[in-house]
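Colleague: Hi! Could you walk me through this one, step by step?
Modeller: Happy to. Here it is.

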Amino acid sequence: MVSLAVRQEEAEDNSKSINTRIMIKLKTLSNHPEKALQNVGWNWMLGTDTSPYVISDMVVITEELANHYYEAAGTLYDMLIEAGQYAIDNNLFKDMGIPENLVELIKTSWIDDRHVHLYGRFDLAGGIDNEPIKLIEFNADTATCIPETAVVQWAHLRMNGMDDSRQFNTVYETLVSQFRFLKDINDDLNPSILFSTMRGYAEDDTNVNLLAEAAKEAGFDTDFAYIEEVEFSNGQGIFKFESETGSFIRFDFWFKLVPWEYIGNDEPELAAMLTDIVKTRKALILNPAYTLLFQSKYILKILWDLYPYHPLLLQTERYALPHKKSVSKVLFGREGANVSILEKGGEVLESVEGDYESQSKIFQEYLNFPTDAAGFSYQAGVFYAGEACGLGFRRGGRILDNTAQFVGHVVE
Amino acid sequence: MTQLRKGSFIKRAKDISISGALALAILSSGMMTGCSSSEEDESAYSYEETAYTKGVRSHIKEVKPGEFKITDEESVEADKSLAIVTYLDGHTDSLSTEAAKALIDKDIRNNNSYVGHQSGLSSMLLYGGMGYFLGRSMNNGYMNNYRNQDNGNMARSVYSNPATYNKSQNVVQQVNASRTTRTVNSRPSGGRSGFFGRSAGRSGG
């Protein structure tokens, strides 16, 4: 009897949700970008041992929706700047989970316009079928998905003989302009930039390769070194060691696809050195330390406090929402790790585990992502590099984690 | 704090200017259909010089009709960079860096799908030290990518023998290290490295 009752309840729940679900429109293209990906050595995207990361389907959106995403990202960025200023003025670093040893660097970079925020990625729900767009979070410090968004989905259209202007995608060109701007506004520095990742993650390497390509086109001398190989000197700056010649080459700009909070928490000596290097202008570091203000999910609560009931926001609090289904997230979680969906009042419905359990949490109002006929949930990722410049989708279960696939789009 | 630029984001086809390296690599998969915006590709990039003081002198020999090998490469002052080509009939040609670049670009444009998979002169230039130097000094990044492609196997094959290739690796290394204003030969004062030696976990997201 009990199980029957549960099943009936489930059935009711399902029929209700089917009626209210927003459907994603997909288009299946005949040519998969597989060969092109192999050609550029991006084999990790093909997922030979897992389900393919890049797929043949594309999300079909209207030009109106593309415009809405563009405007939403611009509005949200302006709001984030207000929220960041509020966090600094009210000294909220501790609540935000920001390591104390980075506060000075955050403040230094925040007040100096030369510390350009190169790029970030908004994760958004809604939008489809004129549903309101809602901010899920902003990946400000070390956002990935650049090659998929900038190149793969574009190539996917091209190789299927489709008009490649029918895509909200100027990620690459905008990054080039952003690097040019960075170079011009820092003309006291040498236009040389070193890119770093942590060893062992092909996906991260590919992301910085694309950034390096854009920097090169903007006139930077570019190079790459894993972070463990980079030489830091308080007095002199940031260097790459060339083992063949035994020499050290200085770089006046350094891009690290390494989260600031890792640096603050795990390598305090590096945090101190970088503070010194930046303050004495021996090097400029990207993304700037202040992006940690946006990266902390606590910013979602600050946004809600400053702009309550703003149409682009979901209610976010420090406690489980008593009257609404909510999602709990750790302050510096990545790829859906340590995310739970909670019933009104806090009972856990669904969870993804992860390595960040010790961190504080925020609770954000739950919202169904748009889904397709197969039941996959879709989250929009909108890149922002001085302005909104590109769109891509991730699809997966109700919590999008590191198994989520990338899906391109076409504007029709 | 930040700057805003407004612009239309739904691009017209002619505005598309994906980076040279990536566009060429992807287009050369031979799978692409539709019209390419080749004429616009080049004018869309504005190359800016980064100064290198060392360049490459490449000696190239025609070994069979239309087939070439690099017989020697030497490190020279950047502005003395040159490719010296000796043909089967005995005459020699000197290609300036501009001429070498033009030849490479022409070949990439006409033979997307099999550029470099042949032993023509432009492949010698592209995979050899000349391509490396050109890529560095003019920010033509797409040329750099060829030399290291496929673990350098293609680059190895354009040299007359392994010793010549090994010597050329030293030459390109000298190009790379010739960013003189920024190169020091002793460890920077108070220098430290090895942060995140025990890698924590993937950082992107």
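**Helices, sheet and cores**

Modeller: Let's begin with helix α7 (residues 202-217) of chain A, which lies across β5, β6 and β10 of chain A and runs at about 170° to β5(A). Helices (H or I, at least four residues) and strands (E, at least two) are DSSP runs, numbered from the N terminus. Axes are lines fitted to C-alpha atoms, for helices over the stretch in contact (heavy atoms within 4.5 Å), and angles run from 0 to 180 degrees between N-to-C directions.
Colleague: Where do these numbers come from?
Modeller: This is a predicted model, where local features need pLDDT of at least 70, side-chain atom pairs count only at pLDDT 80 or more, and totals for chains, interfaces and linings use all residues. Residues are numbered from 1 along each chain as its sequence is written, chains are lettered from A and ligands numbered from 1 in the order written, and side-chain values use heavy atoms, leaving out hydrogens and water.
Colleague: OK, in what order do the 4 strands of the open sheet come?
Modeller: The order is β6-β5-β10-β11 in chain A, with parallel pairing. Two strands pair if DSSP finds at least two bridges between them.
Colleague: And which strands stand at the edges?
Modeller: β6 (221-224) and β11 (284-286) of chain A do; each has a single partner strand, so one side of each lacks a neighbour in the sheet. On average, neighbouring strands of this sheet are turned by 20° against each other, direction ignored.
Colleague: How many bridges link β5 and β10 of chain A?
Modeller: There are 4 bridges between β5 (residues 192-196) and β10 (residues 253-256) of chain A. Ile193(A) stands opposite Phe253(A) in β10(A).
Colleague: Switching topic: which residues touch the most other members in the largest nonpolar core?
Modeller: That core has 87 residues, and Tyr69(A), Phe122(A) and Phe232(A) are among those touching the most other members. A nonpolar core is a set of buried (under 20% relative accessible area, 1.4 Å probe, protein chains only) Ala, Val, Leu, Ile, Met, Phe, Trp, Tyr and Cys residues joined through side-chain atoms within 4.5 Å. α3(A) gives the most to this core, with 14 residues. Apart from it lies another core, of 41 residues, including Ile193(A) and Phe253(A).
Colleague: And chain B, how many helices and strands?
Modeller: Chain B has 8 helices and 5 strands. Of its 205 residues, 50% are buried.
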